Amino acid sequence: MDNEQNTKGAQEPAKPKADVCPTKRGKLELSEVRDMLTEKKGPQYWRTLDELSQTPEFEEMLHREFPRQASEWEGGGTSRRDFLKVMSASLALAALSACVKQPLEPIVPYVRQPEEITLGKPLFFATAFPMPMGAVPVLVESHEGRPTKIEGNPQHPATLGGTDVFTQASILTLYDPDRSQTITYLGDARPWGQFLNAIRGPLNAQKAAGGGGLRLLTGAVTSPTLAAQIRDFQKLYPQAKWHVWEPVAHGNARAASQARFGQPIDTQYNFEKAEVVVTLDGDFLSSGFLGFHRNARQFAARRRPELKEAMLRMYAVESTPTNTGGKADHRLPVRASEVESIARALAAQVGVGGASVNLQGEQAKFVAAAAKDLQSKRGRCVVVPGEHQSVAVHMLAHSMNQALGAVGQTVIYTDPIEAAPVDYTASLKEIVGDMNAGKVDILIMVGVNPVYDAPVDLNFQQAMDKVPLRVHQGMYQDETSRLSHWHINGTHYLEQWGDARAFDGTASIIQPLIAPLYSGRSDHELLAMMNGQSDASGYDLVRKYWQTQHTGLDFESWWRRSLHDGLIEGTTSAPKTIAAKGTAIPAAPQSSGSMEIMFRRDHTIYDGRFAQNAWLQETPKPMTQLTWDNAVLLSIATGKKLDIKTEDLVELEYQGRKVKGAVWLTPGHPDNAATVYLGYGRDNSGRVASGLGFNAYKLRRSDAPWFDRGLKLTKTGETYELACTQGHQNMEGRALVRAATLEEFIKNPGFAHEMVEAPAPGLTMYAAYQYKDHKWGMTIDMNSCIGCKTCVVACQSENNIPVVGKTEVKRGRHMHWLRIDTYHEGTAENPKSYFQPVPCMQCENAPCEVVCPVGATVHSAEGLNDMVYNRCVGTRYCSNNCPYKVRRFNFLLFTAPVWDSPQLSMLQNPDVTVRSRGVMEKCNYCVQRITHARISAEEDNNRKIPDGEVLTACQQACPADAIVFGDMNDPNSRVSKMKAMQRNFGLLEELNTRPRTTYMAVVRNPNPELEPQQKREEHASLAVADAGKGV
Amino acid sequence: MTEAPVYGIMAEFDNPTDLLHATEATYAAGYRKIDAYSPYPIEELSDAVGFHKTRIPLIVLCGAILGGLSGFALQYWISAISYPLNIGGRPYNSWPAFIIVTFEMTILFGGISAVVGMLGLNGLPQPYHPVFNNPRFTSASRDRFFLCIEASDPKFEIDRVQQFMQGFNALDVTEVTH
Amino acid sequence: MAQIFHRSSNSLARVSMLGAVVLVAGLLWAASEFQRSPYFTYAGEAKMQPVPFSHQHHVAGLGLDCRYCHTSVETSGFAGIPPTKTCMNCHSQIWTNAPMLEPVRESYRSGKSLVWTRVNDLPDFVYFDHSIHINKGVGCDTCHGPVNKMPLMYSYASLQMEWCLNCHRAPEKFLRPRDQVFNMDYQQPSSSKPVSVNGKTYTDQLAMGNDLKQAYHLRSVTDITNCNTCHR
Amino acid sequence: MQQGPEEKTITEERLLPGQPATLAPGHTLGSITDKISWVVLRRPITLGWVSGFAIAFGLLMLLQLAIGYLLFRGVGIWGINIPVGWGFAIINFVWWIGIGHAGTLISAILLLLKQNWRNSINRFAEAMTLFAVACAGMFPLIHTGRPWLAVYWLFPYPNTMGVWPQFRSPLIWDVFAVSTYGTISLLFWFVGLIPDLATFRDTAKNPVARFVYGLLAMGWRGSARHWKRYESAYLLLAGLATPLVLSVHTVVSFDFAVSILPGWHTTIFPPYFVAGAIYSGFAMVLVLAIPIRQFYGMKDMITERHLDNAAKVMLATGLIVAYGYAMEVFFAWYSANGFERFMMHNRMFGPYGWAYWMLIATNIVIPQVLWIRSVRLAPFKLFLVSIVVLVGMWMERFVIVAVSLHRDFLPSSWGMYVPTRWDWMTFVGTLGLFFTAMFLFIRIMPMISIFEMRTLLPESKIEEEVAAHD
């Protein structure tokens, strides 16, 4: 195509700059990108490039602020090999194979090479990702100074190596081109010095007046150093007040613990010992719940049916369907407001609480059975209330756990990890009151966005207007920063020094992996400035703080070890024995109206803070599989009653306020209630976040932040398209997920094999292929999988998987190599749910390989189904012939942003090719990791690769340890042992594809009183095996 | 302009029957370097000029066999020798899958040899030919039939041949030069 | 009317038909040769560099070991390209004023990297790992050629896939003892110049290569010609 | 041609009462020659031709635009997705290649079967084949994600990568089958043209035309020896083209039948694809023949006999296709395979059920009017039925390709297929390509084989006693 241009370039090799990353895709694709920009709005928009990066100012700034990376930018945005690899991988893909002469590339060495770096070898650093409910300890992979992948820290007791979607995706935020890149005053860029000058006077004035007009508003602070700094701040400004606002964290749990114990307490659960779990709307298996990672791991371990009768049984009383409810053996869908009465009834039956509540029918049976079970497993049971449930429900749960002997066993009370464990709403109310009263002269907001997410009745924006000097620090220019005088661009946790506590109290040092990309200021540095230490670096502050904490002798080695391990020993909160002070259960609030509104934090963008993260936006929400939007969830019956269909745009009216949102009819949702997710409806907050969904905060009041009656739903007659990755959640009677009850399993452990008839091995005319050396395989335990999607994001991060945007998702072109199929079975009112992660099955008789005309997908000698991108011409025949539909196709140039944004280029894993358009791609068991492990084993005296050395990205990330990968030729490997288990089955094995990825069948543990043994023949009769169907 | 050498004597007929009779008579008279021209194929005519067997079928057979063999050999070499790869667990020599291309190559080579053989044996392309020197020959591709006794025939004597051909029911007898 | 074409057109027609066949065949041949030509592959073509660094001078003349500059070649996939600091280790002492070395000094002063032109440049979808090749006894000059005789660096081989396959399909033809990997003057064993490995003396490359394959635990040819050996 | 007494009786005597003749009486060798060559060599360009050509050419430009944008943006401009990886491109491919089959069938199979009524329609039917194959052949290339690579990586040539095509893939079989088919069809067509080109050379007045036709005629002079070899080669080509044409659609059907997808993985596909191909091909022949005989005064040569015969072929192949559909339903039920049964149920009553019933209506129900003789002999009605069949055969491919794909094994991965404007432009554009080529063809080449028509004349026969020679 561009033959001429390229040859021209090649004839003049003396000008490497001009020849670098040449015009091969140049004109064509650039205009294409522009095209994309003008054509598309909303979610696609983020893919456009950062204009700034082209300017000399930017380069100059990089050199100044970004020394480690500076060399990467030499020569107009190109650099050393690894970086180049990313930049021009797909370019060369297009260029070279198209029979065009390879362009000349530059190679840019360091001037002074840092000692710890071996070029081409990644380094791992331990740090922690701060979240309000506890930091997530992580290991970060770094390639020549640029972090590329977040992994869990297996040494850490709080997470045991698990991560969650937010953590996995947090690395994208680091490189987000839309992050706030400069300090602004009323929207104009300013240097730090000017800010210092501007703030000095007012601060001094406050100092003189004792700080009476000074207010600090932060999010939840779990950082010991920051807490110490704030204490210093309060010493310096004794009258100043510190307020904390978190829109969704903790819910009512804190108010309840205050009421019961007279002090804030964190409640941890230990499912390791649990045999019966009753949740009262407690979504303890969702990312963001306190202790999610450990909950998931322990829960999964207790759900192994091999435990026989000791297998955990779970009852879920649930409002909005969640994956926790999906994992439950019995689920009772009720509206959020009705959970309380169920809780009262349950409490009464286990012998606590006041008067019993009379329940009818199904509910009564459910409660009776649950109560009986709880009482029979005293000390081995637990009642988990939902964060958003009423104080009464929390109190009842505390009482029940106490009465059932769970406290100290499965329920552990600790001191809060937060430095200021306050009631957030009360705290916010107070500051709003002060602002309205004109008592606030300087408002410093650190990492919060109250203009967007404060309860609407507080009218934070109006109150804020009355403050003469407003300073906002954060990673984004958001709703709040735009109404502030000063905005300080914050740092990402991978750019800063700091520390944070995990949910169990264990503190970790946050160490930077990269110098701040845009010379941002961390919260520590901002506080230090106010404390009069404007030159203090984050490093000094954190180190100094821990020097005061460390009592031993050799601080240096202790410090190094803490950094290395990613945790500080001895900081884990001790279990607390605490007597209940008040046990009076507050009366249930009376509310009128038939329709209930239920507010929920979003599963992928949390309270809205990750709205700008395209990976999270494109991660299908658990249960609904929606992407890129929030929706109004209604039950199918309610939809029918109101004549509302999925994707109808409705107007929600609550307490006189109105918003419009699209409806998603959801099986298992309680009737006469609507769930709305918070965090959407952003405007002017970055190209990804803006214009998606609707802002449910506009309805949220401080007196009913979680649920209330009195919602009015009106059809607008319009529709709004929602992008869902799984339109069909019914198995159609096919034996895709194979499930049995525990009783059945004990009777017939091989039940999974009776559902279809898999062709016997050796049923072929030809000799089977021998896999002599390694034989890689994977098992996925569907009993363990909680459907949290962490693996999906981990895979996206590891394998440079592009984001496609809402329109393309809607068209069915999302690129996730690993998806979690969520199926419902049973009635629409209360279905059972199953989660089935589906990566490439690496079939031994791969149907995809046979039909590829160019041999772009072939088998390796170790049994991997290789995908050779550079050979692929894109016939898509392989995908058509893939019964699992795990292949993904680059219909358009989905990787355009990677090529054009220097930030996003830095994010790419240099060990994985960046795919160009027209190329098929799919899971390859993280072959780059296998290769690295093999090479290092061979170089290391040809040792064997021990089991567990190669972890796929999904396996590493999984909090529930549901994914096991390893060598099937090693009889002692975990994967071999899993495969030998009777629950092991291959998806669609009746097609004789011989999948290497297999599943552990689901075994549920229902209470026979609630679910009498039924004939479970549906599967077998409908999906009859077809052994004759060759591939 | 010098007198061009004679190519032969040509008789023109207005129906195929006359042509056939004349041709048979000519052959019977011992002339061998003769050719008959018609606007459409007349089966008996080639026998009449003494042309009984064509080698075209043999050429096509050889071409087809060559095509088939080379088609299979190519696939075998590629899949089993040059770069053997495990494709979906299939054997390297997946001969059933190779039949299709073998077959197509057979047909392709056979067809090409038929056309090339026909053109080659017919001496085509031959845009210039002495018979076109006869101005009346343009109707040989329309509705007239021609018989030509060529000068290269050992028995060829211009006057006798002229005379001989006048004896037919010909519309015209002309001398054709080179 | 009669003749439309001249007498000569018969030969012309036949010759031109033959010519067309020859022309098409010739063009195909030329295209295939062009793809393999140094013009296309840069093999043997010295590229312009900011500093005319001579491997000949530094390796043959001064006797520097490859690893002095390419430090990570034994441990990492990437052989390493020396930072300016490495140059300055010596050039802060000698040739301190040579105008030729001004870009080096300038880089050292300003902290801005030298921008070299890559000489051995694989497409970016190819993942080549130096360390494993070194560990298995593939000599530097097997791929890079007589670097000690290159005043200006050029790529010795085409670096095309068929070239890679030459060795991956028959590694025994190229392997050498590990201790000879960095020896630029190494020659394959012959009766006049035998090579000893582990006390055994070889006069034949194939015999030695096959033994080294065993000794160095080379994976089978099937394994190392798998696609994912180089592409992922 | 063998002109034994038997053939003579077919053309002359053995007509059923009321059956129209293959060639209207009264023609002579000269009149046939003049009539056919008049269209090309004498007839002025008419407004009708110009406007028809303009429309077709406009559509061709649309195709160019669609392909240009496709190369610029990628196949994502179409409605395809995962799971429906193949959409209009493959549907059009199969449709066009099927249409092409009638030409080869008429020229080769009917030649072997000595059906000499074919002589007046084989030429443009062969041209139709060529143009249809050209339209079809484009799709396997442009439907790929990276056509600039597919264009040569699909062929085994010694490359610098040392890698080769993968011969187990039906797509490679397609490459070989379609390119062989295109080559053989072109040769067959050209060989058939040689004597007629000689006629044009000798008839044309314009020296340029004489020169060009003369060049193409390669000096054909109608020598008895040449005719003998010519006939032999032509017959052998027909003999080779017959299994070839049967194989091509068989191979195309293998694209589907070799896969494991329910709705594709069907052993009956090869015969029923071939029948369907001929079905649609004859429909296209009629769509071309009916206007041609109308506007170019060819009713003498393309008589009602031809329409009748073509209609009967359609009826027969249509019934084979109907049998194929019935068998698909039967197999789905009889297999007792849940996936197959679901596929059939979904085809009939799923979201694309309308397409299935439309297919049944257009391909099976409506064409049954061809049992009525008056319909077969009424050009306009026949034309309409042919259009309906063409639509129906396109729908058949839509149902097979898109509807089978949209719901396969895992319900989680089900999807819908909605073609975009670029899909439609590409499809309509190929019609432009086809008709542009067709319009040009009838103006520059003899649309009816002159020399073969001559053999149909009584005067072309050798008198009685000579025939006895045989």
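Mentor: The model is a predicted one. In it, strand 2 and strand 3 of chain A run antiparallel to each other and are paired over seven bridges. One pair of facing residues is A:Thr127, which stands opposite A:Val138 in strand 3 of chain A. The two strands belong to an open, antiparallel sheet of three strands, whose order is 2-3-4 in chain A. Its edges are formed by strand 2 (123-129) and strand 4 (146-152) of chain A, each of which pairs on one side only. Ignoring direction, neighbouring strands of this sheet are turned by 35° against each other on average.

Chain A also holds an open sheet with parallel pairing, made of four strands in the order 12-11-10-13. Strand 12 and strand 13 of chain A each have a single partner strand, so one side of each lacks a neighbour in the sheet. The twist here averages 10° from one strand to the next. Within the sheet, strand 10 and strand 11 of chain A run parallel and are joined by five bridges; A:Leu280 is found opposite A:Val317 in strand 11 of chain A. Helix 14 (residues 339-349) of chain A lies across strand 10, strand 11 and strand 12 of chain A, and runs at about 145° to strand 10 of chain A.

The side chains of A:Arg331 and A:Glu318 meet in one of them, at 2.6 Å from N to O. A:Arg331 belongs to strand 12 (residues 330-333) of chain A and A:Glu318 to strand 11 (residues 313-318) of chain A, and the two are 13 residues apart. A:Arg331 counts as buried because its relative accessibility is 10%, and A:Glu318 counts as buried because its relative accessibility is 3%.

A second salt bridge joins A:Asp281 to A:Arg600, with the closest N and O atoms 3.4 Å apart. A:Asp281 lies in the loop between strand 10 and helix 12 (292-302) of chain A, whereas A:Arg600 lies in strand 20 (residues 596-600) of chain A, so the pair ties together parts that are 319 residues apart in sequence. Both A:Asp281 and A:Arg600 are buried.

A:Arg380 counts as partly exposed because its relative accessibility is 34%, while A:Glu275, at 11% relative accessibility, counts as buried. Over all chains, the count of salt bridges comes to 75.

Among the buried residues of helix 10 of chain A are A:Leu226, A:Ile230 and A:Phe233. The buried residues of this helix pack against a set of elements of chain A that includes strand 7 (214-218), strand 8 (241-244), helix 21 (523-530) and helix 22 (538-549).

Beyond the chain itself, the contact between chain A and chain D takes 68 residues from chain A and 62 residues from chain D. About 5,300 Å² is buried between chain A and chain D, and carbon and sulfur atoms give 56% of that area. One salt bridge is counted between these chains; in it, the side chains of D:Asp408 and A:Lys885 meet at 2.8 Å from N to O.

The contact of chain B with chain A takes nine residues from chain B and 11 residues from chain A. It buries about 940 Å², of which carbon and sulfur atoms give 57%, and zero salt bridges are found across this interface. Chain B does take part in a network of salt bridges that links B:Glu12, B:Arg136, B:Arg142, B:Asp143, B:Arg144, B:Asp172 and D:Asp34.

Notes
Residues are numbered from 1 along each chain as its sequence is written. Chains are lettered from A and ligands numbered from 1 in the order in which they are written. This is a predicted model: local features need pLDDT of at least 70, side-chain atom pairs count only at pLDDT 80 or more; totals for chains, interfaces and linings use all residues. Side-chain values use heavy atoms; hydrogens and water are left out. A salt bridge is a side-chain nitrogen of Lys or Arg within 4 Å of a carboxyl oxygen of Asp or Glu. Buried means under 20% relative accessible area, exposed over 50%, partly exposed in between (1.4 Å probe, protein chains only). Contact means heavy atoms within 4.5 Å. Two strands pair if DSSP finds at least two bridges between them. Axes are lines fitted to C-alpha atoms, for helices over the stretch in contact, and angles run from 0 to 180 degrees between N-to-C directions. Buried area is the accessible area (1.4 Å probe) that two parts lose on being put together, summed over both.
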